[in-house]
Amino acid sequence: MNVLLIGSGGREDALAHALVRSPGLTRLWAAPGNPGVARVATCVDLDVADHAAVVAFCRANDIGFVVVGPEVPLVAGIVDDLAAAGIPAFGPSKLAARLEGSKGFTKDICAKYAIPTAAYGRFTDLAAARAYLAKVGAPIVVKADGLAAGKGVTVAMTMAEAEAALADCFAGAFGTAGAEVVIEAFLEGEEASFFALCDGETAIAFASAQDHKRVGDGDTGPNTGGMGAYSPAPIMTPEMSERVMAEIIRPTVAAMQAEGCPFKGVFFAGLMIGSKGPQLIEYNTRFGDPETQVMMQRLDGDLLDLLLATTNGTLAEKSVTLSPDTALTVVVAAEGYPGAVEKGSEIRGIAQAEARPGVFVYHAGTKAAGDRILANGGRVLNVTARGGSVAEAQARAYAGVDALDWPEGFCRRDIGWRAVAREKAGA
């Protein structure tokens, strides 16, 4: 089967390298891909926002299946348009993708169907939002309702921070994504990411991970798209994972059916695990970045087979097989991220990094210039490693980072710190 992978980041590089392990794959195409993806796929310059062009490309190249990586095409309805053309695609419909496209929609679903989440309010004008904020106080969480590339969330510990976040949203800092704002209660506990595949009726657990959103060591500085991750998340024990399936994932499956927009694809549940058990922070409706990089390192089964089963409704016949190893990834970003960054600096040492035991480097924001690899984004590389423990995976990943020669890049030096501390305490 010929497969088209849509996307250009580190997530897509990880998906590409997992897909090519499938015996059912004939040829992998990627639009637009990146130099890492190009190691295993044919990259094409295709405007994925032009759904008619994507359909035409699929027909011209006998594409039997499309895997949509990022959220923007999903929210724009690319799966619907491909389906209308008779081309199966992995991902939710436009209506189902509202679980990510509108935080307010998700909060309303949770309220209607008793899915545990934080108390909240939805606002389309600054005065009403400020009045609500004055009533509930800080700490509080302020979120742009729409897609904001992982940067539209402010965890405000003071009223001044919350006021500033509201002002930013309504002043257009996140474009139309901030035209509506969700204000929700601050939840205490430990965050985890939980992934489950769903074919509209059946949902099966995929894997867990923990992301590091803050830009600086010790979880300091502004939120980013993610500075690193590891899998599995120790807090997601088998018992806790089953609670999440029973209390959050399966009720969401039933809710989306009841709302007339059954969900097919991957649930990416951002969770807070606290004294009240698991609570949903938010849903994403695609694989996470950088969580995918560590989950695909642990996947022992056939990814293409699982994604096809998710799309054609046969997921009940499948199971997910994961290595017991830990995988950990460190994001190497361009100086200035998550703000403005300069592009075009040369990155050396990738081959030397991958020569380290257990290390693989996924490309996220890179471009090729002849034999050279240049920085072309904010999050540029994902240096990823497997190990028998979090400490071993962490040590291997940072050995890979230290083998790079890219003075214009930086990374956090403490990815996995909570899990390493747990391991030491249990030793």
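# Chatting about a pocket, a sheet and a cavity

Visitor: Hi! What is the volume of the second largest pocket?
Guide: Hello! In this predicted model, the second largest pocket has a volume of about 260 Å³.

Visitor: Which residues lie nearest its centre?
Guide: Those are Lys-151, Val-153, Thr-154, Pro-222 and Asn-223, out of 15 residues that line the pocket.

Visitor: And which element gives the most to that lining?
Guide: Helix α8 does, with 4 residues. Strands β8 and β13 (220-223) also give two or more residues each, as does α8 (159-170) itself.

Visitor: How does that lining split by class?
Guide: The lining of the second largest pocket has 8 nonpolar, 3 polar and 4 charged residues.

Visitor: OK, new topic. In what order do the strands of the open sheet sit?
Guide: There are 4 strands, in the order β6-β9-β7-β8, and their pairing is antiparallel. The edge strands are β6 (120-123) and β8 (153-156), each of which pairs on one side only. On average, neighbouring strands of this sheet are turned by 15° against each other, ignoring direction.

Visitor: Which helix packs on the sheet and touches β6, β7, β8 and β9?
Guide: That is α6 (residues 103-112), and its direction makes about 140° with that of β6. Helix α7 packs on the sheet too, touching β6, β7 and β9, and its direction makes about 160° with that of β6.

Visitor: How many bridges join β7 to β9?
Guide: There are 5 bridges between β7 (residues 140-144) and β9 (residues 181-185).

Visitor: Last topic, cavities! How many of 30 Å³ or more turn up in the whole structure?
Guide: A search of the whole structure finds 1. The largest cavity holds about 40 Å³ of space.

Visitor: What lines the largest cavity?
Guide: The lining is Leu-99, Lys-103, Thr-106, Lys-107, Lys-143, Glu-184, Ile-281, Glu-282 and Tyr-283.

Note on methods. Residues are numbered from 1 along each chain as its sequence is written. This is a predicted model: local features need pLDDT of at least 70, side-chain atom pairs count only at pLDDT 80 or more; totals for chains, interfaces and linings use all residues. Side-chain values use heavy atoms; hydrogens and water are left out. Two strands pair if DSSP finds at least two bridges between them. Axes are lines fitted to C-alpha atoms, for helices over the stretch in contact, and angles run from 0 to 180 degrees between N-to-C directions. Contact means heavy atoms within 4.5 Å. On a 1 Å grid over the protein atoms alone, a cavity is a set of points where a 1.4 Å probe fits but cannot get out, and a pocket is an open set with protein on both sides within 12 Å along at least five of seven lines; lining residues have an atom within 4 Å of a point. Grid points are joined across faces, edges and corners, and a volume is the space filled by probe spheres set on the points. Ala, Val, Leu, Ile, Met, Phe, Trp, Tyr, Cys and Pro count as nonpolar, Asp, Glu, Lys and Arg as charged, and the others, Gly among them, as polar.
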